[in-house]
Amino acid sequence: MAGEFAKFNKEITRADLDQAWRDRLDDATTLDVGGRHGTAIAYRLYALEIYLKHRICLRLDIPHPLKKLEIHDLESLLVFSGLSAALYSLPASHPVALNWTRLTDLSTRLNDLRYMPALTWTAAQSADSARWLEHPTEGVLSWLAKQP
Amino acid sequence: MVGETALTAARFLVAPTLDRFGHARGWDPSSYSIHYRANPDVGRIHVLLVADAFDDQDEYQAANEVWDYLQRELREEPEILKSINLDVRGGKKVDEGGLYAVAPSYHKYWRLPQFSSEKH
């Protein structure tokens with residue numbers, strides 16, 4: 001049924017998503033200060049996922065996210081955001097493309113981030129995940145934010 | 001877009017090409033490994049080259065060298081090239097684990113012994 005396919009999640013607004021991805025990045029910073037680097041890394045992945053869902057709302061000019069897109073697959077979300085052609089036009093060795101690959105690979109390991117002991121993840125590793133995402137020229141989120 | 005053939009292309013085309021890269025560098029086969037996975041829904045091939053030689057090399061320079069090689073060797077397969085998500089990593093980093101561990105979603109590329117000893 002067409003109506004079901006395009007059903008909104010009216011409990012969440014586009015503005016909520018726009019704030020939430022920023023908040024998850026702040027959460028990650030706070031978790032790092034507390035030495036919880038694995039959870040900080042996970043929160044950066046959540047930030048990226050929420051950011052892509054926000055971009056989908058912008059692209060479709062809709063006030064709420066779609067229920068059908070309540071998924072966690074970053075590569076699929078990138079497609080629906082309309083940004084995949086731009087990202088995949090970069091050479092595969094481009095820093096942004098490399099970091100996108102690393103983040104999508106990491107997103108397949110969310111169970112590790114949930115269930116492995118905190119000592120599995122170091123401050124340096126968390127800093128690397130922040131670089132993959134937020135570095136001004138190499139970070140995936142920084143790059144996506146610059147795309148029209 | 002490679003679609004349903006992504007895993008086959010990764011296993012039989014891209015991974016062996018990365019193996020030839022290592023061989024051409026004169027690397028000992030035990031000093032590097034190749035890992036691949038595919039997301040056929042979106043037509044993406046992920047390949048990861050782990051090498052001890054990358055331990056002391058800038059990661060972006062290493063990735064550029066690998067990508068240049070793939071572009072040369074797979075120039076007849078532009079659709080495959082466009083579908084590749086590349087990563088490179090030093091062996092020490094992988095041994096450190098955590099963020100740098102190879103994701104279990106990757107398959108390891110196993111070389112045939114006679115292939116590994118061939119000169120290319």
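Modeller: A crossing is left-handed if the near helix is turned anticlockwise from the far one by less than a right angle, and right-handed if clockwise. Keep in mind that this is a predicted model.

Colleague: Which hand does the crossing of α3(A) and α4(A) have?

Modeller: Helix α3 (residues 37–60) and helix α4 (residues 74–81) of chain A pack with their axes 8 Å apart, at an angle of about 25°. Angles under 35 degrees count as roughly parallel, so α3(A) is roughly parallel to α4(A). By the definition above, their crossing is left-handed.

Colleague: How many charged residues does the contact of α3(A) with α4(A) have?

Modeller: On the α3(A) side the contact includes Glu49(A), Lys53(A), Arg55(A) and Arg59(A), along with Leu48(A), Leu52(A) and Ile56(A). From α4(A) come Leu74(A), Leu77(A), Leu78(A), Phe80(A) and Ser81(A). By class, this contact has seven nonpolar residues and one polar, and the number of charged residues is four.

Colleague: How are α2(A) and α3(A) oriented to each other, roughly parallel or roughly antiparallel?

Modeller: The axes of α2(A), residues 14–33, and α3(A) come within 8 Å. They cross at roughly 165°, and the crossing is left-handed. Angles over 145 degrees count as roughly antiparallel, so α2(A) and α3(A) are roughly antiparallel.

Colleague: How many nonpolar residues does the contact of α2(A) with α3(A) have?

Modeller: Among the residues that α2(A) brings are Leu17(A), Trp21(A), Leu25(A) and Leu31(A). Those that α3(A) brings include Tyr43(A), Ala47(A), Ile50(A) and Cys57(A). Three residues of this contact are polar and seven are charged, while the nonpolar count is 13.

Colleague: How many of the residues of α6(A) are buried?

Modeller: Helix α6 of chain A runs over residues 95–107 and reaches 18 Å from its first C-alpha to its last, close to the 18 Å expected. A residue is buried if 20 or more other C-beta atoms lie within 10 Å of its own. α6(A) is largely enclosed by the rest of the structure, because the buried residues number 13 of the 13.

Colleague: Which helix gives the largest share of the side of chain A that touches chain B?

Modeller: Here 21 residues of chain A are in contact with 20 residues of chain B. On the chain A side, α4, α6 and α8 (123–134) each supply at least two residues. That side divides into eight nonpolar, eight polar and five charged residues. The largest share, five residues, comes from α6(A).

How values were computed:
Residues numbered from 1 in each chain as written. Chains lettered and ligands numbered in written order. Predicted model: local features only at pLDDT ≥ 70, side-chain atom pairs only at ≥ 80, totals over all residues. Helix = DSSP H or I, 4+ residues; strand = E, 2+ residues; numbered from the N terminus. Expected span 1.5 Å × (residues − 1). Buried ≥ 20, exposed ≤ 12 C-beta atoms within 10 Å, placed from the backbone. Axes fitted to C-alpha atoms, helices over the stretch in contact; angles between N-to-C directions. Parallel < 35°, antiparallel > 145°, perpendicular 65-115°, else oblique. Contact = placed C-beta atoms within 7 Å. Nonpolar A, V, L, I, M, F, W, Y, C, P; charged D, E, K, R; others polar.
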